[in-house]
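These exercises go from single residues to the whole chain. Each task is followed by a worked solution. Look at the structure first, then try each task before reading on.

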Amino acid sequence: MDQRLAEIERKVLWLSQWMIHSANHLREGDAIKVGGHQASSASMVQIMSALYFHVLRPQDKVAVKPHASPVFHAIQYLAGREPLERLQAFRGYGGAQSYPSRTKDRGEGGAPIVDFSTGSVGLGVAATAFSSLIQDYIAAKGWSGDRKIGRMIALVGDAEIDEGNVYECLQEGWKQGLRNTWWVIDYNRQSLDGVVREGLYARIAEVFKAFGWDIVTIKYGALQRAAFAEAGGETLRRWIDACPNPLYSALSFQGGAAWRKRLTAEIGDEPGIAALLERRSDEELGRLMANLGGHCMETVIDAFQSIDHDRPVVFIAYTVKGWGTPLAGHKDNHAGLMTPPQMSAFQLAMGVPKGEEWDVAAGLALDEAAVREFIAQTPYFGTRRDAPTPAAVERPALIPPGDKTISTQAAFGKVLDELARGGGPFAERVVTMSPDVTVSTNLGPWVNRRGLFAREAIADSFRQERVPSAQKWQFSPEGQHIELGIAEMNHFLAMGAAGLAFEHFGEKLYPVGTLYDPFIARGLDAMNYACYQDAAFLLVATPSGISLAPEGGAHQSIGTPLIGLSQPGLVSYEPAFADELTVMMEDAFDRMAGSGGPGNERATYLRLTTRPLEQPIRPMTPALRADILAGAYWLRAPGPSAEVVVCVQGVVTAEAINSAVLIADGRRDVGILAVTSADRLHTDWQLARAARRRGERRLAHVEEIMEGLPRHCGLVTVLDGHPATLGWLGGVAGHRVVALGVEAFGQTGTIADLYHHYGIDAEGIAAAADELAPRRRIGLAV
């Protein structure tokens, strides 16, 4: 092994530990500890140094173990891709992030340095598998050109394997023929609160084997293997294999003398053991027992380089949590930090002079030029990465269906079917996916025209056997629909991967995913993860609300509008009519084509329904289009003396229209405000208020709407969802408000029954208006 790599590995360990120490003990802060996971970082130093400085190729992508963020930043700093100022501000405002972040961690010149955000444990792991599937999708279309296929690599904490989404991902990967995926498990056998259960290794290995993964165990380092070849070495190996995880951790913390005492007591009278121990000082014995495979650079590199195929591989690397530091092996080391005296001793052992803690070569047998030269010659860091330029693809205009009465879900299916029929470069870049609800979310016509994706063609047996079916589905590399199993976590991870296709593989995709609206909550963590990475996608969630009356409470969503309102990185719309839907879909595709960033969210959520509504006959003027996208427009403009305005979102628009007749009895100038996006209205309102606090003159769209209403006017807000979604409208200009909606699990019944039960039918809306403005009776004595 190149000795320069061993020297750089030491520097990575030092910088990662000093970064955390500096943030907690040297940088001015508040009363709350900064933290930083010194022990969890230390166990990954050799694995990550081997990858980044020897094994990785430019096309490879890595999801770094969340708690190894300091190691990652140390590596990027040594490679000249991240400025020192960011490391010095670790976990501070504008500094290197606590956990690697695609959008927050930027290198020199603002270039991204993170492939996959990590932090919500398990999600970054599974994301690599779906990114590999998207890489295969692009390659199958012939779009990769001369770009080489990369390996999608996850560095996994052994506690992350507890996460359920990891196992959902394994099954989906098996079904999809997963390739070019490596997971490296940091098997330090310690989690946040203690030491992992005995026998976990066997369980992990069995699961991965069942799903067709190759298993490579990295257990013994070169020092240990050499000792095993000595007399008594086989006995030592058996003792190591049988040693319980808590005991191994405790002895690692205590050091060489404790190892000697325990080994002498338990196997000291076995042939050759006494001499084996006597040949080593306490320090040497401690180093031998800590020389597990994951801490031996030579062993790690050999394991990685032994892979000569594209099958998925899991490497189980035995390590010691806190390796090389005073925290090594202690059961409380997860959130532990070296004390200043411990850090001083560590600094002395590392040979780093005072005042040179951030220097690239301090304490090394290399100078800075040699370090830079070595790193610049590595395959990964020696290649320039210029941001790709997306090919210009013109989006065709989307035409709403001409049905007089139609649901938004059916309209969505027809719009997408027309896009598929028309074809062209843009349509070719649309990829759809669904967790086993393709037909019931109206994606069937699109799939009939565009087919299902698989790397190898699979015939439709029903068509071959001439069995009548409305679905003409055949798998092929040309297909544009990825049919997933019913796990919603996988669905969102796949959409997130497709939504980063350009950033990862230089090819723009327009992912459209459908699922049942109530089951957003099942995959909410993964949806949040996709948004945190600024992934571009269109989520179509349908059917929604109690409007799905016969299905009962389990399938009737309530709080999903609040998810759309509160989720960063996601624009949420709830159309009532097909022409609104078409405008929103065009906006969603245009957002996906953009560069993203604050205020330019690239992900869109449409909440649709199966209930047909009579469609308005109206031209889609630029002003109407702008109002729809801004979040609201007047369906019936109020008069100057308006006493009640009904603010309605989504499918209950018909009830709002019908209620106007009842409300107008004895009242003046009733208005109906069609809210197309509580999310857009609320976001714009908050931004406008912040701008005014900075001294700028700005009104939000919702403020302009409310500006003309008299102060005595009352607002009735209503939607098929949680009433808090619109209840805040009363706070815009100080109007009284009655917020209607659904706050409890529904039951089966007709739509009319349930609307009446929850008070969101026309009579319920009129009754709410009575609370705000009692009806006047003309001609009655006072």
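**Exercise 1. Locate V732, and decide whether V732 is buried or exposed.**

Solution. Step 1: V732 belongs to helix α32, residues 730-733. Helices are DSSP runs of H or I with at least four residues, strands are E runs of at least two, and both are numbered from the N terminus. Step 2: the relative accessible area of V732 is 14%, so V732 is buried. The classes are buried under 20% relative accessible area, exposed over 50% and partly exposed in between, with a 1.4 Å probe and protein chains only. Step 3: apart from neighbours within four places in sequence, V732 is in contact with W685, V702, E703 and M706; contact means heavy atoms within 4.5 Å. Step 4: A603 is 129 residues away from V732 along the chain, and their C-alpha atoms are 27 Å apart.

A note on the source: this is a predicted model with residues numbered from 1 along each chain as its sequence is written, and local features need pLDDT of at least 70. Side-chain atom pairs count only at pLDDT 80 or more, while totals for chains, interfaces and linings use all residues, and side-chain values use heavy atoms, with hydrogens and water left out.

**Exercise 2. Describe the surroundings of K65.**

Solution. Step 1: K65 sits in the loop between β1 (61-63) and α4 (69-78). Step 2: its relative accessibility is 5%, so K65 counts as buried. Step 3: look for partners of the side chain. The side chain of K65 makes a polar contact of 2.8 Å with the side chain of D186, and the side chain of K65 also reaches the backbone oxygen of S40 at 3.0 Å. A polar contact is a pair of N or O atoms within 3.5 Å; within protein, one must be able to donate a hydrogen and the other to accept it, and residues adjacent in sequence count only if both atoms are side-chain atoms. Step 4: beyond neighbours within four places in sequence, the residues in contact with K65 include T118, L155, G157 and N188.

**Exercise 3. Find which backbone nitrogen lies 3.1 Å from a polar atom of the side chain of Q649.**

Solution. Step 1: Q649 lies in strand β17, residues 644-649. Step 2: Q649 counts as buried because its relative accessibility is 3%. Step 3: the backbone nitrogen is that of A678. Step 4: A678 is also among the residues in contact with Q649 when neighbours within four places in sequence are left aside, as are V675, T676 and S677. That list also includes E574, L719 and D720.

**Exercise 4. Which residues of helix α24 are buried, and what covers them?**

Solution. Step 1: α24 covers residues 524-532, and its buried residues are A526, M527, Y529, A530 and C531. Step 2: their cover includes α6 (123-140), α22 (488-498), β12, α25, β13 (570-573) and β14 (603-607). Step 3: after α24 comes D534, with a positive phi near 65°.

**Exercise 5. Examine the backbone at N442, D669 and P543.**

Solution. Step 1: N442 is not a glycine, yet its phi is positive, about 70°. N442 is in the loop between β7 (430-435) and α20 (444-450) and is partly exposed at 23% relative accessible area. Step 2: D669, also not a glycine, has a positive phi near 55°. Its loop runs between α28 (653-663) and β18 (671-675), and D669 is partly exposed at 30%. Step 3: the peptide bond joining T542 and P543 is cis, with omega about -5°. P543 is in the loop between β12 (537-541) and α25 (560-566).

**Exercise 6. Compare the radius of gyration of the protein with that of a compact globule.**

Solution. Step 3: the C-alpha trace spans about 110 × 70 × 50 Å along its principal axes. Step 4: the protein contains 34 helices and 20 strands, and 58% of its residues are buried. Step 5: among contacts between residues at least 6 apart in sequence, 76% join residues at least 24 apart.

Technical notes. The radius of gyration is taken over C-alpha atoms; the globule rule is 2.2 Å times the number of residues to the power 0.38.
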